[in-house]
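User: I have a structure open here and would like to go through it with you. Could you take me through the main points as I ask?

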Amino acid sequence: MRQRPRKGVLIAMDTLVMTSQLPLYAVLASALAPIPLILAGRNPNMREAVTFAAGFLKLWFVMKMLPPVLEGKVLEYTLFEPVAGLPVQFRVDGMSMLFALVASSLWILTSAYAIGYMRPLKEHAQTRFYVFFAFSLSATLGVAFAGNLLTLYVFYELLSMSTYPLVTHHQDAEARGGGRRYLTYLLATSVGLVLPAMLFCYLKSGDMTFAAGGFLAGKVTPTEALVLLLMFVFGFAKAGVMPFHGWLPGAMVAPTPVSALLHAVAVVKVGVFCILRVVTGVFGLDFLEQLDLGLVVSFIAGFTVICSSLIALSQDNLKRRLAFSTVGQLSYIILGASLLSDLAVKGSMAHIAMHAFGKITLFFCAGAIYVATKKKYISDMVGIGRRMPITMVCFLIGSMSVMGLPPTGGLISKLHLLLGAPDSGRWWLMLFYVVSTLLNGAYLLPIVFRAFFKTGKHFDAGTEVQEAPMFCLVPLTLTAIGSILLFFFPHLVFELASLMVEGS
Amino acid sequence: MKTIGLLSVLFTGILLMIAVVDFPDWGDPHSPANSYLSTHYIEDVEEETAVPNMVTAVLADYRAFDTMLETSVVFVAGIAIFAILRSIDGTSLAGTTRRLQRRGRSKKEKRKGQGRNRRDEMVAAAEREAAKPDLIVQTTVRLLMPTIQLFALYVIAHGHHSPGGGFQGGVILAAGLILVAMSFGLENTLAQVPEKLSLQLGNLGVLIFAGTGVLCLLLGANFLDYHVLAAIYPATDEIMARSHSMLVVEIGVGFTVMSMLYLIYANLSSHGDLKKGL
Amino acid sequence: MIWQFDLIILVFLVITSLIALRVRDLMSAAMILGVYSFLMCLLWAEMGAVDVAFTEAAVGAGLSTVFLVATILRTTRRSSD
Amino acid sequence: MDIVQQAPILMILCPFLGAFAVSLAGLIQRRWCYPLTVLFTAGSAYAGLGTLIQVLRTEGGVIRYRMGGWEPPFGIEFRLDALNAAIALMVVVVALLVAIYSRQTVASETAGKEGHFYTLFLLLTVGVLGISMTGDAFNLYVFLEISSLSSYALIAMGRGRAAFSCFNYIIMGTIGASFYLLGVGYLYIKTGSLNMTDIARILQEHGLYSSNSVRIGFLFILIGVWIKMAFVPLHRWLPNAYTFAPSTTSCLVAPLMTKVSIYVMIRIMFSVFNPEFVFGVGPRSDLVVWLAVIAMMVGSFYALAKNKLKMMLAYLVIAEVGYMVGGAWLANATGLTGAIFHILADGLMTLALFLAAGAIYYKRKSYNIVATKGLFGKMPFTMGAFAIAALSMIGIPPTCGFFSKWYLISGGIEAGHWGFVVGLLTSSMVNAVLFFRILERAYFEKPELPYEPGRQGKNALNFVERKGVDEAPLTMLAPLWAASLGLVLLGVYSGVVIDFISRYVNSVGFQ
Amino acid sequence: MLDLIIAKFNYWVYIVLMMIGLYAMIAKNNYIKKLIGMTIFQTAIMLFYVSIGAKQGATIPIIDHHGDGGDHGEAAEAVGHAVETAAHAAGSLDPDAYVNPLPHVLMLTAIVVGVATLGVAMAVVQKIHDQYGSIEEDEVLKRIKL
């Protein structure tokens, strides 16, 4: 097994810790937005303007943090100290930055899309929708910036709570069931697994701050480490590792912007982000490698990858199919992290961003189709390419990104992941990636193919072009373009990702 | 329930008996309880408070705070019984009573037949007969009342030197009132000593007690630290101030105990409507 | 403090308490409880606790009994056990 | 008069004198009772702040107040340290909030008896406050009786099964208080003293820990307070008593009575006795923790089975008692810190939940959980506060429920008592199910009133369903939100509070 | 063993009384009987306390002034056996000559608390009788279930 360079640790010691209130502002930008949102609630235009303003403000704050982070600095801000020596604290490093950038830029697009989706469908309680949307973004950034396990946990729970009203937005029996499943999974795992694991870590090591190389090394026995790792991997159920993925398809009852947000930006990504954080910051790659624990996680993740792809194949509801696709893709990321090689971890990190753009495009498309034609099922969408050509082209781009075909960003991250396998000395793990990529193709491409080259009962040769409203169309086009751009300009993503791997 | 009761009682009993083996002998003058605090009280009580009755001194001075609260316990009980039993609007409680009693009786009839019911009526009639005012009783009470009240006042006033004090005196006063209420009817007594007046007296009693304490506060000492009151009483030293204040305090206790126990009786015996006593 | 005297009262206390709980007529039970309280008061006086005995005589044997009687007259006289 | 020096006594005198003022005012004009009550509890809260500041500033963190100026073992003293200064402040704050809240509920549920109600209310506050402040074991008994008697009356003023359940409460409460008294007597016969600090000193100096009567005295005090706090298996009296009481009563009684009994337990365990003695005999402490686990399970699962909102909350009180007793008996500093912090946190949580339940009852005239249907639309502010309190009960950060659980679980792990850890987590999950069941109803379903057999006729006919938002009045909402935000604040500033509490915990002397 | 019984017979009997009272409180069906049990239970505890304060060969806790009354009001009647007047004049009394006053004070409080509780409980009993027409626990329970 190849010895990883110790360079990373050295850099970590050199990194400058800088106190800055910027992370706080970035979180507050959306946390305080509900106040004007509620005040402007009666005037939809005003309300949406507030959302946009908050979105741009947030993005601006995040961007402002970019230069120092790229210089290798860590921005730190302590909120309060509930437990002596254990503050709720923000620490912004490369990894946080990458995630925060993705989340805050996609929030703006999602907001725009939400306008195009919610208004034509005349959804009720739109103000509440925007309010909780803003809250969940704050929680997401909080997770991204979390400097220790406690902070991570606090914002993780806040995210669960603030997305619940979004998931159950329709307030009907279906939403109720989905919402119940959503909370049951997320609360049971976080309270039942993460909390005790976290406390155990704290009691064993007396520390919780994420550090390069982790803080558990040498403090716990191998058995304890294994149990803890499993508790974390399963405990962050937002990552959808089987068998704790059940909430995700259930949560599909939500309005599409929410699904997009859940799947591409906030919730699931927070899950994998947490696992990445724990693997790198709590255990440390070296420690895991020493104990040879990566393999266990690899198998769990690999199993999820294959299984979910197979399930996705059998789904007729477009959103459900995409949901299972997401479950698979998330486990890609975890699989990458479990390889414990720099290359693969970098790839995992990048895949968060790449997949975000790809998957959000797909969801936007699904929503756009629903807005324009009220169709939910794939079997009803045969020939839809004639009616909505732009949407379906974007869908194609999204699919390619998810599969990892050029010229989309997905290719680059997937390549890293793929190469990470031999890098860690377990080349046969590549099999998982290869098989699942094929499966991805099998469940995504036929949709596009049939949309353009076949005629169905709803859309025949004579169908006229009638796209979804502009507010729907523009965001999805933008995200599709984003996916392509990421293929040509992946530098920023990788710079941040390598900062994480080396510095963190 | 019986077995649970028996078991828990046996459990406590056995525990307590185990502990008794460890006790100092009964009446041992040198047991810890008899040789630590009590020695101080016995030796210094007269010097410090000028009250020969140690119980009164400890009650009204050393542990005066306890006593104040104890007085308010009586007050709480009075108010509590009033709050529970008393029907202000006269509908809610009385209405349900009648309805439920009727229901209860009809059930009883079905079960036990008519005979029982007739006997009940006879008993009730006999009771009604017995409840009529009786000349002999009334005259006796008339004769007794002044003595009872005088004795009660003596008990309160002489609590420093002999057994007695505010509590005992207050209870005797209340007993006197209750005696009157029983022989002359509750309405008649309430006409003399109305409910409102006794409530006010009850308040007044505790307020006298607490007021003495607050006065000490205002004069710059701790709560209920009577010695500063020497500044108020004419021609007394600090020790006598304690003695005098104890008397004041005992009078307060007497007020409250008397009026509250009387009220409790009034409410309990008339079922909360204060109309007809026993 | 005369322990023989003490012992006799104690025995009577136990007996009265048992009777008070056994009697089915509540009025009699209340009366017997009055006797119990009075015996208790005697016992305390004999132990030198005059103030307590005084209070118990007035409160326990006097007022408590009156309250009990009042309640019994307002509810029912019979008890099933 | 030096106001700062006298703050502890003023804290208790305010409600005490207030009770009589209100009682007199009730004879003249019933409208004055409410403002007077608020005024006097506010005064008490102000004095409470003063006391707390004084404790913070004093060297050693202990202030003593001698009643009547007598030396402590001979006279009665108030002894305030980090432990009870915080709890006393919690008590007055709760009393103040409930007093503000009580305006409509008292007027509607106990019409015509406002004067008496508020008198008892204030005396109950005096009792509870006194229990938490006094340093004299017998004085504590007197306070215990004041609070019990007034709570009996306050509970018996309710409807339905109130009188019946109150009678059970009286019997159990009297047994509890008498056992406490008996235990104190056993300590007195061996030590000759009634002052807690003094008892502790004598026990230490004379090496009385091995004496059987001291041990059994300790046991009786424990059983006594366990009855008072409704610790399993002595909990049967509580749910009915709390459920059928008038809503203001349950708002005051539920957060205070059990918590203060737990305080007494902690005080006796660690201030009068010491950890060495209490945990000296190994399996015993373990047994209590297991009982605590059973309490959590019983409380949580019974709560799950109930369809009356208040009954459900009452069972949760039992579960929470399990948390605290378990924490205190884990035999380590972390667990004790958690237990003490949970007294404060749970006081506020229970308050917020009962306040919300009362507000719902006030508007919907029913405690049945069917009445919570669609309430997010009808009473958004009430339900918002309720949701925050529920989250705290489940243990979601950053509410204080999370942080108290944090310490309790840490304590459990530290002690290696996995049963406790699992029990606590399970109970949290059950709480989650419990509350989301209600929140779901409130969120998803259409408003509807339940049919209750007992409530037909006049009352049911009087109820007119209003369209749209039908929120409780401001005097109810303000305390409710104060309590709910207090939960978040207590969570955020739990570091400061824990710092303060650990002053006491460090002085206990765990190995 | 016999020593143990004789030297502490007061305590044994108090335990018996307490057990009787406690049993009645828990197991009796009639509410008034429960309350009678409660009274017995409480007085038993009081008996225990008073027994603590008892002293062999001591008199009641009232200082006996043999004619030196004057400043402290009238002299109390001579009770019990003599106390050294000289010792009293010197300001130091023989603590063995008087019984312990502290338990008496405590029990005065306890008696009052007892009667207060009894009163409140009886009010509740009357209310129960109003509501259910019975003061037997099983009857009341039956009515509640109905």
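**Helical spans and chain contacts**

Analyst: To begin with chain C, residues 53–73 are 100% helix and 0% strand, and the end C-alpha atoms of this span lie 28 Å apart. Please keep in mind that this is a predicted model.

User: What does the UniProt annotation "transmembrane region" cover in chain C?

Analyst: According to the unreviewed UniProt entry, the annotation covers residues 6–23, 30–47 and 53–73 of chain C.

User: And how far apart are the ends of residues 6–23 of chain C?

Analyst: Their end C-alpha atoms are separated by 26 Å, and the span is 94% helix and 0% strand.

User: How many residues of chain C are in contact with chain B?

Analyst: Chain C contributes 15 residues, which are in contact with 18 residues of chain B. On the chain C side there are ten nonpolar, three polar and two charged residues.

User: Where does chain A stand relative to chain B?

Analyst: No contact joins chain A and chain B, and their closest C-alpha atoms lie 38 Å apart. Chain A does not touch chain E either; the nearest C-alpha atoms of those two chains are 35 Å apart.

User: Changing topic: is P82(A) buried or exposed?

Analyst: P82(A) is buried, because 25 other C-beta atoms lie within 10 Å and the cut-off for a buried residue is 20 or more. The residue lies in strand 2 (residues 74–83) of chain A.

User: What is P82(A) in contact with, leaving aside its neighbours within four places in sequence?

Analyst: P82(A) is in contact with V88(A) and with F403(D), G491(D), V492(D), S494(D) and G495(D) of chain D.

User: Now F167(D). Where does it lie?

Analyst: F167(D) lies in helix 6 (residues 162–191) of chain D. The residue is buried, with 25 other C-beta atoms within 10 Å. Leaving aside neighbours within four places in sequence, F167(D) is in contact with Y31(E), A121(E), V124(E), V125(E) and I128(E).

User: What does V120(E) touch, then?

Analyst: Not counting residues up to four places away in sequence, V120(E) touches A77(B), A80(B) and I81(B) in chain B, and L149(D), Y152(D), A153(D) and I170(D) in chain D.

User: Last one: why is helix 13 of chain D largely enclosed by the rest of the structure?

Analyst: Helix 13 of chain D is largely enclosed because 20 of its 20 residues are buried. This helix (residues 309–328) reaches 29 Å from its first C-alpha to its last, close to the 28 Å expected at 1.5 Å a residue.

Note on methods: Residues are numbered from 1 along each chain as its sequence is written. Chains are lettered from A and ligands numbered from 1 in the order in which they are written. This is a predicted model: local features need pLDDT of at least 70, side-chain atom pairs count only at pLDDT 80 or more; totals for chains, interfaces and linings use all residues. Helices (H or I, at least four residues) and strands (E, at least two) are DSSP runs, numbered from the N terminus. The expected span of a helix is 1.5 Å times one less than its number of residues. A residue is buried if 20 or more other C-beta atoms lie within 10 Å of its own, exposed if 12 or fewer, and partly exposed in between; C-beta atoms are placed from the backbone. Two residues are in contact if their C-beta atoms, placed from the backbone, lie within 7 Å. Ala, Val, Leu, Ile, Met, Phe, Trp, Tyr, Cys and Pro count as nonpolar, Asp, Glu, Lys and Arg as charged, and the others, Gly among them, as polar. UniProt positions are given in the numbering used here, feature names are shortened, and annotations may be inferred rather than shown by experiment.
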